[in-house]
Amino acid sequence: MRTTWILLAVLAIVAAAAPFAGPFVILLLAHVLVLGIMAMSVDLLLGYTGLPSLGQAAYLGVGAYFTAILATKFGFGLGWDFLLVIVMGMAAGAATAAFFGLFAIRASGVYFLMITLALGMCVWGLAYRWNSLTGGDNGINMRGRPVLSGIRLADDLTFFYVVLGFFLASFFALRLLVSSPFGKSLVGIRERELRMRILGYNTWLHKYIAFVIAGAFGGLAGVLWAHLNGIVSPVDVLLPASVDALLMVVLGGPGTLVGGLIGASVVVFLRDYLATLVPWWQYVLGAVYVLTILYLPAGIMGLFKGGRT
Amino acid sequence: MFNGVSYGALLFLLASGLTLIFGVMRIVNLSHGAYFLLGGYVAITVIRATGSWVLALPIAALVIAALGLLVERIFLRPLGFDPLRQVLLTVGFAFLFQQAALDIWGGDNLIINPPSALSASIAVGGLHLPIYRIFMIGLAVAIGLSLWFAMERTRIGAMVRATVDDAEMARGVGIDTSKVSMMIFALGAFLAALGGVIGGAFLGIYPGLDFEVLPIAFAVVIIGGMGSLAGAAVGSLLVGLADNFGKALFPELAYFSLYAPMVLILAMKPTGLLGRE
Amino acid sequence: MKHLAWLVMGALGVSPAAAQELKIGFLAPMTGIFAQIGKDMENGFQMYLDEQKGNLAGAKVTFIVEDEEGKPPVGVRKAEKLARQDNVQLLVGGLLASTGYAIAPVSNRLKTVYVLSIAAADDLTQRDLKEYPYIVRTSWTSSQPHHPLGKWACDNKYRRVVTVAADYAFGHEVVGGFQKAFEDCGGRVVQKVWPPLGTKDFGPYIPTIKKDADAIFTVMVGPMALQFPKQVQEAGVKTPLIGGGTSYDEFVLPSMGDEVLGHVSALQYSAALDTPRNREFVRKYREKYGKVPSYYSESNYTTAQMIHEVMKQTKGKWPGPEKFIAMITQLKLDTPRGPVRFDDMRNPIQNIYIKKVEKKKMHGYEKDELWNTVIHTYPNVSQFWTYKKEEFLKQPVYSRDFPPCKFCN
């Protein structure tokens with residue numbers, strides 16, 4: 001509970017300071033928030049249910065391509081129907097996860113890692129080869145952000161607030177989920193799946209539902225991602241994108257939701273800010289991966305919680 | 001068809017190391033591609049310094065094996081069995097290696113040229129078969145057989161198998177499982193590096209190659225069965241042939257045709273075709 | 001004392017002797033698969049700046065290089081950073097077509113000039129040009145050198161050609177350009193093979209190539225370009241190879257061997273171009289950076305030169321984005337690649353060189369090396385070749401299926 005208040009306080013400060021920040025900083029912050037949504041969805045799977053997925057970028061990709069195709073081929077989603085696209089993007093992410101989940105949920109541990117990796121690569125393969133739909137390696141260029149009755153999302157500050165809104169909504173939704181009985185049973189599955197089964201829980205179904213929900217939020221992140229960048233390409237769905245998402249959660253602290261946001265901040269900072277300052281930023285990135293794993297088992301949040309995982 | 005087999009041979013070199021590491025240590029080694037690439041780079045340095053390709057093979061492989069050993073000893077060992085952490089750790093190293101390779105060798109596409117003896121082709125019944133590809137198949141078979149022999153027929157092999165089957169029991173019987181793990185990891189890196197040198201004539205050596213070969217290596221290991229050498233052999237052959245035929249027959253689905261079967265196999269038999277759990 | 005001087009000058013309405021600044025943001029891949037190409041791009045531009053001692057006609061240049069990693073979204077982020085945080089007046093670079101497409105809208109949004117010094121996607125200066133008033137291209141369109149190559153193939157009695165090209169937009173456009181011109185002068189493309197980008201094992205493809213073709217037209221990039229000629233030779237195929245611009249250019253040529261001797265390709269640049277200007281360029285570049293310049297370097301060097309020419313006309317004062325575009329497209333220059341001017345779609349009109357790989361000594365060097373000897377020059381080639389612009393723009397952009405393969409059976 002306390003962490004929630006701290007988070008809200010921090011975000012409030014950021015939101016208040018935003019109009020005074022440089023435009024590039026606002027862009028970076030928006031990035032952090034969108035990736036934060038994605039990271040939270042990964043945290044749901046990893047931190048709470050104990051399922052490490054190497055293919056979550058697939059759902060971001062589905063949401064993003066969906067948005068882009070609707071916008072460019074059908075001119076849809078550029079006004080108030082943008083909100084409809086959000087819902088549809090989440091549905092698309094959920095549907096994909098529902099389909100993939102049928103293959104993936106039977107596995108666990110390493111095998112789950114592998115199968116989600118493979119599924120992610122399938123999506124990449126489709127994005128890359130299905131030229132007529134996805135534009136192939138050129139990707140799809142968005143023609144501009146939506147205008148909602150005069151509210152121009154093309155204005156970066158406005159878009160930032162919109163993204164912030166979606167982040168908060170996602171955060172609270174997920175918070176509600178993990179503190180519900182369903183959420184608690186997910187943690188139970190993570191800790192002692194066998195026991196849960198003995199107790200009569202349909203663990204497969206629980207895991208499956210978590211997987212689908214994660215896919216939905218991944219799709220949401222994808223919709224925002226498409227508008228944030230103005231372009232969607234197969235690069236968004238590559239393996240490193242999924243690995244980054246995992247890192248964000250592990251770095252920030254699995255099982256905390258907030259950890260996802262913290263991790264996203266660090267990774268975005270490294271990739272997009274440090275990279276502009278020094279050429280050796282990739283060493284730092286690699287080192288962060290390595291050091292986090294070795295010395296921060298509970299992530300950054302673990303430092304605050306005094307080691308409670 | 002011959003091409004499929006020779007491609008499969010290369011994959012076997014790449015995948016055998018990966019499957020051993022996984023089989024024995026349950027480590028998901030995402031830096032395996034980096035070892036492959038670094039093997040190629042070290043070989044290039046050796047060739048530039050000595051002009052000898054034959055010398056480059058063992059030197060590159062041993063250097064990378066040593067590197068793998070260090071990584072395992074210092075970084076992986078403390079982690080214990082935790083697939084997620086291993087993934088992230090090995091990815092971190094892959095990034096570090098990739099950047100270092102870029103800084104040391106530059107980003108040009110390099111080629112490892114085998115001695116001219118191996119560069120010709122022989123004509124067999126109307127087909128031109130490059131000798132180098134025959135060499136690749138031969139080498140893969142030789143390595144496969146020696147590994148199999150070592151595993152099945154030697155005492156060390158028995159120790160390895162015991163560690164794979166049940167590490168605790170193995171320790172109970174007095175086998176130094178940590179030494180075994182170390183050895184296997186080094187061997188895996190050795191094989192990957194060897195693959196890099198051999199493949200370097202074929203694929204070229206350039207930054208990004210590490211992450212390109214990685215998913216394919218995993219596909220082979222998964223399809224064939226993690227931890228099983230025979231599985232790696234079967235998997236490499238299957239993937240090599242499927243890749244060949246897939247590309248010739250269904251070019252649109254090129255990438256898809258690799259990963260979709262992987263998903264199906266994993267869904268049905270998570271341990272792969274010949275894997276054991 | 002100094003402050004008083006400023007005050008007086010300010011009062012007199014005299015601005016200090018132009019310490020004009022020109023901020024140029026450069027986008028190229030610095031990490032990943034294309035890292036070396038990115039470096040070559042940067043080096044080309046940097047060399048020109050160094051020759052001018054960082055000063056273009058009175059404007060002091062701040063040159064900021066950002067890594068776009070060969071990924072469009074990263075390109076967008078870095079472009080935004082350069083434009084918003086560093087307040088550059090010019091964005092230059094972008095390697096891949098997808099990156100070019102990603103940054104063009106940024107130039108719109110931020111009203112910043114974007115100079116495409118490499119990205120070759122046809123439509124950026126064709127059917128999509130009107131969407132992007134702030135872009136200008138100083139390099140080439142994918143199909144530009146390949147129209148004349150198609151004509152050259154007819155003139156050299158090739159009748160039946162098989163194309164083997166990397167299966168992505170660039171490959172499609174190069175083949176499209178070649179095919180259109182080749183078939184318009186009587187040639188026939190009888191088969192199209194599309195190995196995926198990044199293929200290194202052409203085993204599955206080579207046996208399917210029709211044996212009765214006069215030539216194989218290849219579009220290969222990077223590692224593919226190194227492997228294909230080798231594997232063709234190993235397979236015992238004797239059909240002559242003709243290449244698209246990237247199949248034999250100087251980025252890959254030094255790593256190639258005797259298997260490419262005699263292979264022909266087309267591009268707006270060859271390091272073997274035997275003019276005094278190019279000779280000087282090649283020798284200086286090689287001395288400074290240790291390798292023969294490829295078109296990636298030349299294109300960026302020439303781009304810097306063009307920017308300089310505009311600044312000369314404005315006496316070092318940045319003329320604003322719209323005026324800059326107007327001025328740069330009026331230029332007629334002599335560059336290492338030869339004479340260059342612009343068409344009304346903001347794309348260069350330049351010489352296209354048909355070149356052949358030969359082993360010899362060039363530019364006064366002592367060793368025998370592989371060079372792309374220029375065997376024929378087509379002057380004043382625009383992106384539309386001999387076609388009327390309006391007719392050309394009516395047809396769809398070259399793609400996998402356009403022009404259709406009428407003679408494939």
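In what order do the elements of chain B run from the N terminus on? The order is α-α-α-α-β-β-α-α-α-α-α-α-α. That makes 11 helices and 2 strands in chain B. The model is predicted.

**Chain B**

Chain B has 277 residues, and 59% of them are buried. Take the contacts between residues at least 6 apart in sequence: 76% join residues at least 24 apart.

Confidence comes next. The mean pLDDT of chain B is 78. In this chain, 85% of residues reach 70 or more.

| Element of chain B | Mean pLDDT |
|---|---|
| Strand S1 (residues 121–124), lowest | 67 |
| Helix H2(B), highest | 87 |

Where pLDDT is low, the predicted coordinates should not be read in detail.

Helix H2 of chain B covers residues 32–50. Its 19 residues reach 27 Å from the first C-alpha to the last, close to the 27 Å expected. H2(B) is mostly covered, with 15 of its 19 residues buried. Gly51(B) follows the helix, and its phi is positive, near 75°.

**Chain C**

Chain C is divided into two parts: domain 1 (20–140 + 276–342) and domain 2 (146–267 + 351–394). Their C-alpha centres lie 27 Å apart. Across the boundary, 21 residues of domain 1 are in contact with 12 residues of domain 2.

Which elements give two or more residues to the domain 1 side that touches domain 2 in chain C? They are helices H2 (35–51), H8 (276–289) and H9 (295–313), plus strand S13 (338–342), of chain C. H8(C) gives the most, with 3 residues. By class, this side of domain 1 has 10 nonpolar, 4 polar and 7 charged residues.

Key
Residues numbered from 1 in each chain as written. Chains lettered and ligands numbered in written order. Predicted model: local features only at pLDDT ≥ 70, side-chain atom pairs only at ≥ 80, totals over all residues. Helix = DSSP H or I, 4+ residues; strand = E, 2+ residues; numbered from the N terminus. Expected span 1.5 Å × (residues − 1). Buried ≥ 20, exposed ≤ 12 C-beta atoms within 10 Å, placed from the backbone. pLDDT = per-residue confidence, 0-100. Contact = placed C-beta atoms within 7 Å. Domains from an automatic or database assignment. Nonpolar A, V, L, I, M, F, W, Y, C, P; charged D, E, K, R; others polar.
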